[in-house]
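My notes follow in the order in which I checked them.

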Amino acid sequence: MDFSSIIIEFLGIQDVVIEDIKRFKKDLRAEIRVRQKRSECYCSKCGLQFSSVKEWVLKELKAPPLGIYQDVKIKFWQMRGYCEDCQRTSIAKVDWLHPRFEGMTCGFAEVAGRLMEEITCEAVSRIMKTDSKLMWNLDQYRMQVMLQFLRLPKDIDVSYLCADEVHFRSVKNKARKSIFSKIYTPQFITNLVAPKAGKILFNAAGRDSAALTTAMTVLSPGQKLAVEKFAVDMHEPFMVAIKKECPNAKIVVDRFHLVQKINEAFDKVRRSEFKKARERSDHFQEGMLEPHRRFVLVARDAVLSKSEEKLIDKLRLANKEIQCSMLMVEYFHKALDEKTVPGFRKVLARWYQLCRNTRYKPFLSFAKLLRKYRKNVEGYITSRLTTATIEGLNNKIKVLRRMGYGYTNETSYMRKILQRCGYLNHLSINTDQFFFKWPNPA
Ligand SMILES: [Zn+2]
């Protein structure tokens, strides 16, 4: 058995001879000197063997870890030869050298790339002992290459789909026309979700019809026809896009989005009450209505201690607006729990009544939306779609954003979402070839 050929294989390189291996036991570092095989050097223009050697060029390359030796360097002697047919000298072609990042082998790039599917570029740069900016660039390059291989699994169930937008960032408006125009404009990413598979199929920037249409380009014409139910927000542009692209789909406004909207309405009331409490120096209410408490007040599954429950009861007794708003949210949940459409209509009618009596603007505008899309909301009652996966994916995206300490690059953010929550990773796309040769991005 030829051990040097095995080491060459482990390194993911080809057509070389090992001349020397230096091991530095103290810091588990290795330096491997390899030379290109004279018989395997070909002219990059005509592909024939060189007639003579012009010179040997030394390159230093990062190589994948070998066992416990994490820091492996290759000192590579590459040949520059003279080709008689082309009458010129050129450097011999090497596939396993990374085409874009010359200081590394393809194997190293793929090992680092797979790590970056799971953890941040920063973390990978520490493990692989490289520059973090270089790792970031490599990751972008790799995701762009992989995008051309992105295919949905053949047996994927697309009968139930969901469109969901996630907040990307808020940009400051530079040219504000008046003091009443918004200071910040939020930017969104639209994700196309297959809840049955628990994956994000594709995404696009923005949250208009065009964004959802772009996200749906990942579906084949047949798959588009096979969509039976499409869960969305009460957002007209999405509905327009779905009607056009998936004519067979029943558009349903699902519970997740409904609850999101009513919680937003509640939050508007909470904010104004918080301001009022601050103005009259009511420290108890101010503390209870702080922004970070907004979910505790309306969360249905919040586990509260006895003392916390008491505090909330005290707040409800003291503040009529909050008490009524909380009741509105609770009552709305009750309506959504109804199993039949007539039952739902009955409870909702009473909810509308309550809404009119309180005259809270945020709830009134929510009620108006509900009326406009009542057919779609009732679709939820009959279909009983579960939204657990969408919530789970949204959570995952939030964690992803936190891990990267926020994203400033939209493309990078969108691709990372596809990588972590979709099919843009080596588990779905076979990238074994990347260990030896990298294709160019399209
Ligand atoms: Zn030639």
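I began with the geometry of the zinc site, which is tetrahedral, with angles of 107 to 117° among its 4 donor atoms; four donors count as tetrahedral if all angles lie between 85 and 135 degrees. This is a predicted model, in which local features need pLDDT of at least 70 and side-chain atom pairs count only at pLDDT 80 or more, while totals for chains, interfaces and linings use all residues. Residues are numbered from 1 along each chain as its sequence is written, and side-chain values use heavy atoms, with hydrogens and water left out.

I then listed the protein donors of the zinc ion, which are the SG atoms of C43, C46, C83 and C86, at 2.2 to 2.4 Å from the ion. Donors here are N, O and S atoms within 2.8 Å of the metal (3.2 Å for Na, K and Ca), and water is not among the atoms, so sites may look incomplete.

Helices (H or I, at least four residues) and strands (E, at least two) are DSSP runs, numbered from the N terminus. S90 counts as buried at 6% relative accessibility, and, leaving aside neighbours within four places in sequence, its contacts are C43, S44, F50, M79, R80 and G81, where contact means heavy atoms within 4.5 Å.

In the loop between strand 4 (71-83) and strand 5 I noted Q87, a residue other than glycine whose phi is positive, near 55°. Q87 is exposed, with a relative accessible area of 62%. I found a positive phi of about 55° also at S281, which is not a glycine; S281 lies in the loop between helix 8 (255-279) and helix 9 (283-288) and is partly exposed at 46%.

Next I turned to helix 2 (residues 106-116) and helix 4 (residues 132-147), which pack at about 85° with their axes 10 Å apart. Axes are lines fitted to C-alpha atoms, for helices over the stretch in contact, and angles run from 0 to 180 degrees between N-to-C directions. The two helices are therefore roughly perpendicular, a label for angles of 65 to 115 degrees. From helix 2, F108, A109, E110, A112, G113, R114 and M116 meet M135, L138, D139 and R142 of helix 4.

How many residues of helix 2 are buried? I count 8 of its 11, so that helix 2 is mostly covered, and what covers its buried residues includes strand 3 (52-63), helix 3 (121-127), helix 4 and helix 17 (410-421).

Last, I checked N430, in the segment after helix 17, and found it exposed at 53%; the C-alpha atoms of N430 and M146 are separated by 9.5 Å, although these residues are 284 apart along the chain.

How values were computed: Tetrahedral: all angles 85-135°; square planar, octahedral: opposite > 155°, others 65-115°. Parallel < 35°, antiparallel > 145°, perpendicular 65-115°, else oblique. Buried < 20%, exposed > 50% of the residue type's maximum accessible area, 1.4 Å probe, protein only.
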